[in-house]
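I opened this chain to see how its parts are arranged. I kept notes as I went.

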Amino acid sequence: MRAPAHFRWLRGHHGSQLVQIYAAGFELLCVASLRMRDAQRALLSYQEAIATYGDKGDEGDKVQDRVGFVRGTCFTSKHPKFRGNREKLFFGPVRAGKGGDGPDGYIAVLVDAREQLGGTRWDYIFPRVAAPRGGSLASNTATLQAGPAPSAEAIRHMRGLLQLPPLSLSLEQAALFSGHSGRHLLVTFVKAVASVSRPPRYSDDELALLGDWAGGPRRGDSA
């Protein structure tokens with residue numbers, strides 16, 4: 001779980017907007033259990049509403065609060081038997097507003113940056129970036145380009161961010177993370193939590209719901 005925490009830190013504290021956008025995107029992959037291929041064929045929107053809760057207080061006043069969520073639609077042809085694109089919905093909850101500097105703040109970074117850059121209808125999460133040879137998103141000369149980043153390029157940038165402080169992974173350690181890491185992270189984490197109790201706290205069916213895996217989690221899945 002150190003990698004999502006690292007992305008959260010970069011999203012809130014790094015001086016490069018490109019680093020912030022990519023870090024926020026990798027947070028979304030972890031929260032929504034997306035693979036990189038899904039993320040690069042995805043529409044994204046933010047929805048917010050006023051929710052009214054039950055009676056509270058001596059006068060029975062009802063409490064109102066803002067609730068919202070990020071909603072996405074991606075198109076996957078992961079399973080050969082489907083051949084064509086398959087539409088899939090994904091969501092990310094928000095505790096208040098767009099999350100501010102807290103755990104849900106990735107939504108504000110993604111939504112606001114896309115509006116600022118004229119990308120409200122981008123059908124991908126990670127825009128293409130030109131970085132100097134041997135450089136990274138954190139380079140002063142890195143620039144935004146039109147269109148989506150190829151999945152391999154986005155994965156390379158992910159590994160580059162993992163090598164930045166404060167996490168500062170080595171090149172070999174960062175290479176262990178793949179385009180499927182976000183897809184598997186939540187299920188792997190919950191499997192680890194469940195394993196400390198006997199009987200296990202969660203069934204395979206419950207884990208499958210968390211990862212949106214119709215066939216259940218496979219043995220050996222890891223983040």
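The entries below go from the whole chain to single residues.

**Ground rules.** The model is predicted, so I kept in mind that local features need pLDDT of at least 70, that side-chain atom pairs count only at pLDDT 80 or more, and that totals for chains, interfaces and linings use all residues. Residues are numbered from 1 along each chain as its sequence is written, and side-chain values use heavy atoms, with hydrogens and water left out.

**Entry 1: the whole chain.** I looked up the elements and found eight helices and five strands in the protein chain. Helices (H or I, at least four residues) and strands (E, at least two) are DSSP runs, numbered from the N terminus. Along the sequence the pattern reads α-α-α-β-β-β-α-β-β-α-α-α-α. Of the 223 residues, 42% are buried, where buried means under 20% relative accessible area, exposed over 50%, and partly exposed in between (1.4 Å probe, protein chains only). I then looked at contacts, meaning heavy atoms within 4.5 Å. Among those between residues at least 6 apart in sequence, 57% join residues at least 24 apart.

**Entry 2: H2 and H5.** How do the axes of helix H2 and helix H5 cross? I found that the axes of H2 (residues 17-32) and H5 (residues 151-162) come within 11 Å and cross at roughly 100°. The axes are lines fitted to C-alpha atoms, for helices over the stretch in contact, and angles run from 0 to 180 degrees between N-to-C directions. H2 and H5 are therefore roughly perpendicular to each other; the classes are roughly parallel under 35 degrees, roughly antiparallel over 145, roughly perpendicular from 65 to 115, and oblique for the rest. On the H2 side the contact is made by Val 19, Tyr 22, Ala 23 and Phe 26, and on the H5 side by Ala 154, His 157, Met 158 and Leu 161. I sorted these residues into seven nonpolar, one polar and no charged. In this sorting Ala, Val, Leu, Ile, Met, Phe, Trp, Tyr, Cys and Pro count as nonpolar, Asp, Glu, Lys and Arg as charged, and the others, Gly among them, as polar.

**Entry 3: aromatic rings.** Rings of Phe, Tyr and Trp (its six-membered ring) pair if their centres lie within 6.5 Å; planes under 30 degrees apart count as stacked, over 60 as edge-to-face and the rest as tilted. By this rule I have five aromatic pairs. One of them is Phe 7 with Phe 26, tilted, at 5.1 Å centre to centre and 40° between the planes. Phe 7 lies in helix H1 (residues 2-13) and Phe 26 in helix H2, so the pair ties together parts 19 residues apart in sequence. Phe 7 is buried, at 3% relative accessible area, and Phe 26 is buried at 2%. Phe 26 also pairs with Phe 126, again tilted, at 4.7 Å and 35°. Phe 126 is in the loop between helix H4 (106-116) and strand S4 (127-130), so this pair ties together parts 100 residues apart in sequence. Ring pairs link Phe 7, Tyr 22, Phe 26 and Phe 126 into a cluster.

**Entry 4: two loop residues.** Where is His 14 found? I located His 14 in the loop between H1 and H2. Leaving aside neighbours within four places in sequence, His 14 is in contact with Trp 9, Val 19, Gln 20, Ala 138 and Leu 164. Gly 105 lies in the loop between strand S3 (86-94) and H4, and is buried with a relative accessible area of 1%. Gly 105 and Ala 24 are 81 residues apart in sequence and 8.0 Å apart in space, C-alpha to C-alpha.
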